[in-house]
Amino acid sequence: MVAGKPRNDSVTGASRAAHAETIRTIRVPGVSFPMTDPTSPYNASANEPRRPGGAPPPPTGFQPGPEQTYQPAPEQTYQQPASQQYGGYQPAQPYDGAVSGVGRPAELMDRFVARLIDHVLLFAVNMVLVVFLIVGVVMNGSGGLMGRGNFFTNVVSSVLAAAIYLAYFAYLESTRGQTIGKMVMKLETRGQDGGRPSMEQAIRRNIWVAFGLLGVIPIIGGVLAGLGQLVAMILIAVGISGDAVARRGWHDKFAGTQVVKIG
């Protein structure tokens, strides 16, 4: 400054502004580094911790959402179909006093028709095999028909008839769960575990057909045998009608079995 000359404040102020702008911007060829503007809204205060990478702080009023954690989906296991596990046979469910397996408890009328079919078939077999062939031809007797015949022929015919009846029901129910009548009516006899009944269960279930052995009694044996079986069947029907849940007669309860509808 030259002594004696007045100071130009406007020039001095402009110089200071240019000098400040020079300080605020450091220029390198091809690159510019602006200094932080203290008036910028993105300028962090001196006491605020610097963010990694120089990221600006969130806007005023911003609240981060809840942290989300990854939870894997529950593991799903493949279960082989029952039809493949058991070679095509699906085991029945255990008997629990209600509906067991895929079937529902068989109604009285269906069971009556199935038993009627079985008895018609067995009557024909008994007449041909026992009465005419064994007793009539081999033993030359009448087999006790209508009370005729001697004591020996009555015994043979009664025992053979009872054995045929019992063997028919016990064998088919224990091996197939169905007699011919039950096959026609789509019924099946099952044990307590839901499967086919054992031979013992099948015999106990049909033991009442052994009333036919009363035919060995001379003269009135045939009548007593028929009455005994009739009373047994009436009691069975009453038991089935009275059991609205499982439809089990006294013979089913005695043997631990149940008849279900499968079709």
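Predicted model: local features only at pLDDT ≥ 70, side-chain atom pairs only at ≥ 80, totals over all residues.
User: Which residues of helix 7 are buried?

Analyst: An α-helix has 3.6 residues a turn, so residues three or four places apart point the same way. In helix 7, the buried residues are Gly 221, Ala 225, Gly 228, Gln 229, Ala 232, Ile 236 and Ile 240. Viewed down the helix axis, these buried residues lie within an arc of 105 degrees, so they line one face of helix 7.

User: How many residues does helix 7 have, and what distance does it reach from its first C-alpha to its last?

Analyst: Helix 7 covers residues 221-242, which is 22 residues. Its reach from first to last C-alpha is 32 Å, close to the 32 Å expected at 1.5 Å a residue.

User: Which elements accompany this helix along the protein chain?

Analyst: The protein chain holds 8 helices and 5 strands. Read from the N terminus, their order is α-β-β-α-β-α-α-α-β-α-α-α-β.

User: How many bridges join strand 5 to strand 3, and how many to strand 4?

Analyst: Strand 3 (residues 104-105) is joined to strand 5 by 2 bridges, and strand 4 (residues 187-190) pairs with strand 5 over 4 bridges. In strand 5, Val 260 has Pro 105 opposite it and also Glu 188. Lys 261 of strand 5 stands opposite Leu 187.

User: Are the residues of strand 5 buried or exposed, and which way do they point?

Analyst: All of strand 5 (residues 258-261) is buried: Gln 258 and Val 260 point one way, while Val 259 and Lys 261 point the other way.

User: What can be said of the protein chain as a whole?

Analyst: Of its 263 residues, 29% count as buried. The chain exposes about 17,700 Å², of which carbon and sulfur atoms supply 63%. Among contacts with a separation of 6 or more, 59% involve residues 24 or more positions apart.

Definitions and conventions: Residues numbered from 1 in each chain as written. Heavy atoms only, no water. Buried < 20%, exposed > 50% of the residue type's maximum accessible area, 1.4 Å probe, protein only. Contact = heavy atoms within 4.5 Å. Areas by Shrake-Rupley, 256 points an atom, 1.4 Å probe, with all protein chains shown as cover. Pairing = 2+ DSSP bridges. Expected span 1.5 Å × (residues − 1). Arc of directions from axis to C-beta.
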